[in-house]
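Please open the structure in your viewer and keep the selection tool at hand. The stops below follow one another, each with something to select and a note on what is there.

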Amino acid sequence: MSQWRGRLEENPELERAVDWLDEYYHLVLGALLLGFMLWNRVRPWDNFVVDGEILFSGNDPWYHYRTTVYTVQNWPTTMPFDPWTYFPNGTSSGQFGTLYDQIMATAALVVGLGSPSTETIKMVMLFTPPVFALAVAVVAYVIGKRVGGRAGGVVTLAVVALAAGRFLQRSMVGFTDHHVAEALFQALGILGVMVAVTVAQRDKPVYEQFRDREFTPLRETVGWSLLAGFAVVLYLWTWPPGVLLLGILGVYFLLQLTIEFLRGESPEHTAIAGAITMATAGTLILPAFQTLQITATDFSLLHPLLSYGVAAGCVFMAWLAREFERRDAGRLLYPATVGGILIVGAGLVAVLLPDVFGYIANNVERVVGFGASGSALTVGEVQPLEFSAVFPFYGFTFFVAMVGAVAVLVREVTGRVSAQEFLLVVWLAFITAATFTQGRFEYYLTVPVAVMTGYVVAGIFRWIAADVREDGIKTYQAITVVATLLVVFAPMAAVNPATSIAGYDRPGEDIEGWSDGLGWFNESTPAEGQFGGANNELDYYGTYDVTDDFDYESGQYGVMSWWDYGHWITTQGKAIPNANPFQQGATMAANYLLAPNETQANDVLEQIDEDDAKTRYVAVDWQMVGTSYGGKFGAPPAFYNVTEERPGPYTRQISFPLQGGNGFFIQHRQAYYETQMVRLYKFHGSAARPQPVVVDWDVSENARGQSVRVAPENGQTVRSFDSMQEARQYVQEDGTAAIGGIGGIPSERVPALEHYRMVGASEQSATESREYNVGKLYEAYGLGLQTTGAANGSQCPSDVSVGLGNGQKACLTEGTENALTNTDPQWVKFFERVPGATVEGTGPENATVTARVEMENPAANETFTYTQRTQTDDQGNFEMTLPYSTTGYGEYGPEEGYTNVSVRANSSYQFSASTAGQNATPQIWFGTADVTEGQVIGENESAVTVEMESSTIQQQESGGNATDGNATVGNETESGGALTDDGAANETDGTTGGGNATTETASSIGVAAAPRR
C-alpha cells in the first residue's frame, strides 16, 4: 500500500486522476448504467410502427391511450366515467386515467406545443416506460446509497440495470402500462418514509413540543413526514389498488414501535413521523374520492380509512408506551397488549362488519397469501411466479438480498440497525410474498432486491476497506472483491442477460392481427348510436356522469368477445365491448361464448340487452377457440356459471413420443364443437357433420401411477372407414376411441345458427403466428398426417418444426394446415347478430330439406358453404330462418345504419331434399331462392317463398350411391324422409346451379377437404 501511495506522490497528475475517480466514480458508473438502460429499452422502437401506425404491446396500454387523449383534451381532468366499454353498463376508469395518464398528457401537451396530434400523443406514450425506468433506477440508487454508501448505490443501480425480469419487460418501449409508474412511486414512497423516520430518530420529537408550540426543532421531522405522506399518495394516485403499500407501512410501524419499546427506547419519535406521514396520505387521497364502498379498485373509503387507521395506531402505541413506562409495567406485556387489542378489533369487525372483514381477508390472501382464485389464474400476470424463474431473472442477487435481510434481522436483536434498514426488510418480505402469490408484482421486487444486494456488497467492501487502511491491500482482499462482483453480476450477464429482449421488442402478433381486423370493422359498421338508422351518436371523448348503469339509447350497440380484447375493440374498433380487461363482463362473455346452443346464447344477450340498445356483433379470434399452443379456450370455463351442471369436458389430451420428451395433441369432444364461439369461428354458423374418422388411443400409466392417454403402439392414431356405421362399430368395440374430434370434424351433427352471419375478417391469418403453427404441427404429427422432413440439422421450409430424434424434424406444410381446418383461419372473424330472413316453402312431405349457399370471404380469398336443415310437415310445408343474404348489399351500409358486409354470396340459395321408400320411386327435390339484405336485417319483413320440384333418381344395380347425372346421395342418406348416418364415405352436402348436387369427399385420412379458392 505504501509503495502504491509513494508512486502516486511521485506522479501528481496520476494522483489527481485517482482522487477524481474516487470522488466521482459513482457518477461515471451511474451515467453509464443509465445510458445502457435507456438504450436497451428504446432500441426496438421502430418495430412498434407497423404500416405507419403506432401500436402498443399488451392490452391495458390501449386504455391508457384513451384516457390520456381525454386528459389532453380536458387537462388536467381525467375521465370520470366511460360508456365506451362494458356494454350495457359502462364503467368508471378506476385505476386508469390517474396520475400516470396526467403525466403523459402533460408531456404530450409540452411536446405538441399545446395541441398535440394523435401521432404525437402515441409517440410520447411509446417512450414513457423507458423514461420512468430511469427514474426508478435513480430512486433505487438513492435508497441504496442511504444504507450502503456510494458503493451500495452503484451496486443497486447496476442490479436494476441488469435485471432481466418483469421490470425490464414492463419498462420497455411500447409497454405503456402503469406498472413501471407503480414501481417508481412505490419506491419513492418507501424512500420518503425512510428519510422521515431517520430524521425523527435524530431529532427525537415528543408530544410536548407540539403542545408548547416549539416548532423549530420539529420543522425537519414534520417537513420530511409531510413529504413522505405526499410520496405515498403519489403511488395511490397512480394505482388505487396500491393499498398494499399502506398495509406494508402499517405492519412496519407496528413492528418498529414494538421493537423500540422492547429495547428500552421511546417509540414516540418514530410514531410521530408515522402519524404525520399516514395522516397526510389519508388527507391528500380525499380529493380523488369516488365511492363510499369498501373497494381497492377505485378511490373509496378504504384508502383514507387505512391511512388514518395506521396514523391513529401510531399515536395509540406511543401513548400506550408512555402509560407502560408511567406504571412501570413489564415491557414484554406491551406486544401482548397490542396484539390482543388487534385480535379483539379484528373479531369485532368480523362480527359487526362481516362483508368488510371478508373483503380485506380475501384480498390479503389474494395478494400476499398465496391464494389466487381459479378464475384469476386464467390471467397471465396473476399466476404465481415459479421459483425456477428467480435465477434467470436475478442470478444470485435474490439470494444475496435474502442473506442481507437475515443479517439485518440478526442485528436488529442487538439494536444496531436503523429504522430505515428494518423498513427495507419489511418491504422486501411483503413484495417477495406478493410476487410468489401473483407474478405481476415481480416488477416491484427488482428494487428491494437490488437495494439489499447493494447493502450486502457495500458491507463487504467496508470490511475490506477497514483492513486496507490499516495494513494495505492483500491478495485475499482483492480476490474477495473480484469474487463478490462476479457472484453478483456474472450470472446476470450470462444466464439471461438484460439485452435478451426478444418477446418485448415488438407489439406482438395479437394486436397486429386484431388491429388489421378492427380496421375493417371501424370502416364497415355504423357509428355507435347510428345502428338501424338512429341518430344518437355517442361522443367518443365525451364527459359522462358517474353511474352504476349507463342508459344507452337506440342505435348504440355492444360487441361480444372475450374480455382480453375489450380495450382493443374500444380504441381500434371505436365500438363498445361487452367485456374488457378489467374482467368486467367476463362471466357474461363466458356464458355466451360457451353456450351449448343458440337459444341459450341468445338468452344471455337478452338478459343484458336494453330495450333500445343491444349487442349486435360478435368477434372471435383463433386463440379463443384454440386448445393447444397459444389457445385461450381454457379460460372461459373458469368463469362460466349458467347451470350447476357444467357442459364438457371439452377435450382429451393424447401424448406421443418426441425427442427429449412427449408431444401431445388435443382431441375435441362434441361439447367443444357445440359451443357458440366454435360454431362461429370454425363453421361460420353453418351446420357441421361427422365423418367416418376415428381417433384411437391406448391407456398407460405415467411415472406417478396416473392413467394417461397415449398414441397406440402401432402409431395409427387416426383411422378412416367407408361408412359412419363401420366407424361407430369400431368405437363401440375398441373402448378407447372416439368419432372425429380433429380439425373441424365433430362426433355428431352440429346444427346451423339461424341469427348469426359472418360479415368480415382480418386479412392477417393465424398461420402467421408461430404458436398457431406449432400447435397445428403437433396435431398433424400426432395424427400421422403427411409432413415434410428435415434431416441432419437442415432447415424446414418454414420456421416451425418438431424434433423427432436422430436429427430428424417434422415440418408444417400448407397441405397439412388445410387438412386440419374447415375454413381459413383468419386471425379474427366478425359476425353480426341478425333477425334473419324467414323462408316459407313446400316440398315433399315428412322429408329433410337442406338449404345451401356458397359465400365468399375476400379477406381470405376463400369460399365456404352455409348449410341449414329443417323438416317438412305432413303437407310438405317447411319454414327456415336464414342469416345470410344473397342480393341487395348495395342498399344497406354504414351510412344507412347497417353493415357493409364483405362476406357475400356467389349464388342463390339452393334447396334440396330426397325421398325414397320400399315401394316408391326415389326422387330428388330442388328449389332456388334469393334472400335480400333487407329481409335478413329486418328492414323487409316479407317471407322468402320456395316451391321445390322433383325429379326421379335411377337406382344403380351395383348397390352403390344412387345417382342421376351429377347428383349423389350417400353417407347421411335421406331415406324415406328420415336422416341416417349410414352409407358410403361420400355425402350430398352442397349444391350448385343447374340443379346438380355436388359432393365433398373426405380425404384419405378422413379429414375435411381443403377449402376451395
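A salt bridge, as the term is used on this tour, is a side-chain nitrogen of Lys or Arg within 4 Å of a carboxyl oxygen of Asp or Glu. By this rule the count comes to 20 salt bridges. The model is a predicted one, in which local features need pLDDT of at least 70 and side-chain atom pairs count only at pLDDT 80 or more, while totals for chains, interfaces and linings use all residues. Residues are numbered from 1 along each chain as its sequence is written, and side-chain values use heavy atoms, with hydrogens and water left out.

**The whole chain**

Begin with the protein chain as a whole, which has 29 helices and 32 strands; helices (H or I, at least four residues) and strands (E, at least two) are DSSP runs, numbered from the N terminus. Of the 1013 residues in the protein chain, buried residues make up 54%, where buried means under 20% relative accessible area, exposed means over 50%, and partly exposed lies in between (1.4 Å probe, protein chains only). The protein chain exposes about 41,400 Å², and carbon and sulfur atoms supply 53% of that area; accessible areas come from the Shrake-Rupley method with a 1.4 Å probe, and for residues only the protein chains shown count as cover. Contact means heavy atoms within 4.5 Å, and among contacts between residues at least 6 apart in sequence, 73% join residues at least 24 apart.

**Two cis peptide bonds**

Next, select Trp75 and Pro76, which are joined by a cis peptide bond with omega of about 0 degrees. Pro76 is found in the loop between α3 (60-73) and α4 (99-111). Pro88 also has its place in the loop between α3 and α4, and the peptide bond from Phe87 to Pro88 is cis, with omega near 5 degrees. As background for this stop and the next, most residues other than glycine have a negative phi, and most peptide bonds are trans.

**Two residues with positive phi**

Move on to Leu113, in the loop between α4 and α5 (118-162), where phi is positive at about 55 degrees although the residue is not a glycine. Leu113 counts as exposed because its relative accessibility is 79%. Then select Lys204, which lies in the loop between α7 (179-203) and α8 (207-211) and has a positive phi of about 50 degrees, again without being a glycine. With a relative accessible area of 47%, Lys204 is partly exposed.

**Salt bridges and a nonpolar patch**

Select Glu323 and Arg327, which form a salt bridge whose closest N and O atoms are 3.4 Å apart. Are the two partners buried or exposed? Glu323 counts as buried, at 17% relative accessibility, whereas Arg327 is exposed, with a relative accessible area of 59%.

Now colour Val344, Leu348, Val349, Val351, Leu352, Leu353 and Phe357, which form a nonpolar patch on the surface with about 650 Å² of accessible area together. Patches are made of residues with over 30% relative accessible area and no salt bridge, like charges being joined within 9 Å and nonpolar side chains (Val, Leu, Ile, Met, Phe, Trp, Tyr) within 5 Å. Helix α13 (residues 333-352) gives the most to this patch, with 5 residues. Leu352 has its place in helix α13 and counts as exposed, at 63% relative accessibility.

Which way do helix α22 (residues 586-593) and helix α23 (residues 598-608) run relative to each other? Their axes come within 8 Å and cross at roughly 150 degrees, the axes being lines fitted to C-alpha atoms, for helices over the stretch in contact, with angles running from 0 to 180 degrees between N-to-C directions. Angles under 35 degrees count as roughly parallel, over 145 as roughly antiparallel, 65 to 115 as roughly perpendicular and the rest as oblique; α22 and α23 are therefore roughly antiparallel to each other. To see the contacts, select Met588, Asn591 and Tyr592 in α22, which meet Gln600, Ala601, Val604, Leu605 and Ile608 in α23.

Finally, select Asp609 and Arg833, which form a salt bridge with the closest N and O atoms 2.8 Å apart. This pair links distant parts of the chain, 224 residues apart, with Asp609 in the loop between α23 and β5 (614-621) and Arg833 in strand β17 (residues 828-833). Asp609 counts as buried at 12% relative accessibility, and Arg833 is buried at 17%.
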